[in-house]
Amino acid sequence: MARTVREAALGTRTARLRLPVQTKPYWRVIEQGLHVGYRRRATGGTWIARRRDEHRIYRETKIGLADDLQDANGDGILDFSQAQRAARSWWTNQQRLASGLAPPSSGPYTVTRAMADYLQDYRRRGGKASDSIESVARQNILSELGDVLVVKLTTRRLLDWHRAIAERPRRWRSRAGEVNLAAFDRKDAEAVRRRRATANRVLTYLKAALNHAWRAGLVPSDDAWRRVKPFRAVDAPVIRYLSHDEITRLLNACQGAFRDLVHAALLTGCRYGELCRFKVADYNRDVETLTIREGKSGHVRHVTLTDEAPVLIERLIAGRSLGEFLLRRDDARGWKRAEQLRPMRDACSCAGIVPTVGFHVLRHTHASILAMRGVPMAVIARQLGHSDTRMTERHYAHLAPNYVTDTIRANFPRLTAAAATVVPIGRARTKQSKRA
């Protein structure tokens with residue numbers, strides 16, 4: 001990564017003005033083969049950049065005036081750090097031209113353009129969450145930083161933006177033109193953790209877009225956002241899962257096709273989007289699995305069904321063709337995005353599940369039951385479609401039986417006497433009289 005180089009003789013205006021006036025520039029290496037030079041004149045200096053090409057010949061260019069007599073503006077008048085960024089940008093453009101690539105697009109390169117370029121590349125690479133990233137970016141990034149030139153981004157501005165996301169309430173789903181904010185108790189440690197975790201995710205999206213622009217040679221330096229660090233120790237949430245009693249109450253509160261959808265989620269651990277895309281042909285009756293052809297990771301995955309799941313699926317697919325949706329609404333059409341939100345909220349209210357849980361908790365419930373039954377983390381990770389066990393262990397390892405838990409419970413003595421059976425005096429006298 002490009003780093004700003006420090007040089008005592010060139011770093012400040014006062015230091016440069018003490019240098020003797022001469023025609024030959026004062027050179028400073030900023031990376032291998034790339035130099036920034038300062039040509040000292042009686043009326044102020046200028047910045048020069050040079051780079052040795054493949055023929056070992058130096059190529060030079062003037063990149064701007066030094067801020068000897070006027071304050072730097074980042075355009076025509078540059079300080080030493082800005083001169084370094086301009087030198088890197090110049091040489092990157094020269095390399096693009098030498099490789100036959102088109103020069104960077106004309107016009108100001110803003111954060112909006114950087115995010116659009118990143119999303120285009122993300123979709124080209126087969127990313128599955130482009131719509132979600134675009135929605136998050138529109139609400140949290142483009143609304144505040146969209147018109148800012150990428151080269152004008154500063155570490156301080158990004159730090160303030162990142163902190164502001166963590167300190168404002170979460171937005172509820174609302175109609176166009178409306179902004180509904182959820183309640184946010186800043187004294188609630190878990191609420192603060194969730195907001196900071198959200199801010200970190202948004203920061204990850206922004207950094208991904210800016211790094212893509214930097215690697216493409218559209219930005220001379222990544223120094224501004226590389227210094228912005230995410231909040232620490234905020235990605236370890238306490239996973240909410242449903243107890244056996246809550247599962248029974250929730251299923252009893254669901255009606256019709258939504259009950260089948262909830263039941264399938266509990267039995268398979270699949271995401272809502274995966275359940276919506278299942279076709280009848282994805283069920284393999286011989287080995288009792290469901291095939292996910294468009295998973296979040298982009299890989300085909302086979303979900304192993306429990307003994308109860310085939311009974312549900314056989315009832316659902318009876319009389320249907322292979323191309324039909326496996327799980328359908330009561331009006332016989334497939335489930336679409338966000339159509340589970342209202343029914344899930346109503347079912348939780350009817351079942352007395354407080355606080356109300358989201359549909360994704362059903363996936364957590366499936367994995368938590370497996371963990372508490374002693375299923376290895378690698379098996380659970382494969383069932384959920386995790387690429388490795390790190391995510392699985394972070395969420396569910398504390399639920400699994402383990403040596404530490406068994407050893408502590410087997411060896412720690414009881415601190416109080418066993419609870420005595422207390423019999424009311426009247427009842428004791430009655431028993432004695434009956435014996436007499």
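In this predicted model, Val-111, Ala-114, Met-115, Asp-117, Tyr-118 and Asp-121 of α3 touch Tyr-205, Leu-206, Ala-208, Ala-209, Leu-210, His-212 and Ala-213 of α7. Sorted by class, this contact comes out as 10 nonpolar, one polar and two charged residues. As for the geometry, helix α3 spans residues 111-124 and helix α7 spans residues 189-215, and their axes sit 8 Å apart at an angle of about 90°. Angles of 65 to 115 degrees count as roughly perpendicular, and α3 and α7 are therefore roughly perpendicular to each other.

Next comes the sheet. Five strands make up an open sheet, running in the order β1-β2-β3-β4-β5, and the pairing is mixed. The edges are taken by β1 (26-31) and β5 (77-78); each has a single partner strand, so one side of each is left without a neighbour in the sheet. For β1, pairing with strand β2 (residues 34-39) is antiparallel and runs over five bridges. Within that pairing, Trp-27 stands opposite Gly-37 in β2.

The backbone also has a few spots worth a look. Most residues other than glycine have a negative phi, and most peptide bonds are trans.

Ala-233 is not a glycine, yet its phi is positive, at about 55°. This residue belongs to the loop between α8 (223-226) and α9 (244-253). The relative accessibility of Ala-233 is 81%, so Ala-233 counts as exposed, the cut-off for that label being over 50%.

Ala-332 is another residue other than glycine with a positive phi, here near 75°. Its place in the chain is the loop between α12 (309-317) and α13. With a relative accessibility of 46%, Ala-332 counts as partly exposed, because that label covers values between the 20% limit for buried and the 50% limit for exposed.

The proline is Pro-355, which is joined to Val-354 by a cis peptide bond with omega at about -5°. Pro-355 sits in a loop as well, the one between α13 (341-351) and α14 (360-372).

Notes: Residues are numbered from 1 along each chain as its sequence is written. This is a predicted model: local features need pLDDT of at least 70, side-chain atom pairs count only at pLDDT 80 or more; totals for chains, interfaces and linings use all residues. Side-chain values use heavy atoms; hydrogens and water are left out. Axes are lines fitted to C-alpha atoms, for helices over the stretch in contact, and angles run from 0 to 180 degrees between N-to-C directions. Helices (H or I, at least four residues) and strands (E, at least two) are DSSP runs, numbered from the N terminus. Angles under 35 degrees count as roughly parallel, over 145 as roughly antiparallel, 65 to 115 as roughly perpendicular and the rest as oblique. Contact means heavy atoms within 4.5 Å. Ala, Val, Leu, Ile, Met, Phe, Trp, Tyr, Cys and Pro count as nonpolar, Asp, Glu, Lys and Arg as charged, and the others, Gly among them, as polar. Buried means under 20% relative accessible area, exposed over 50%, partly exposed in between (1.4 Å probe, protein chains only). Two strands pair if DSSP finds at least two bridges between them.
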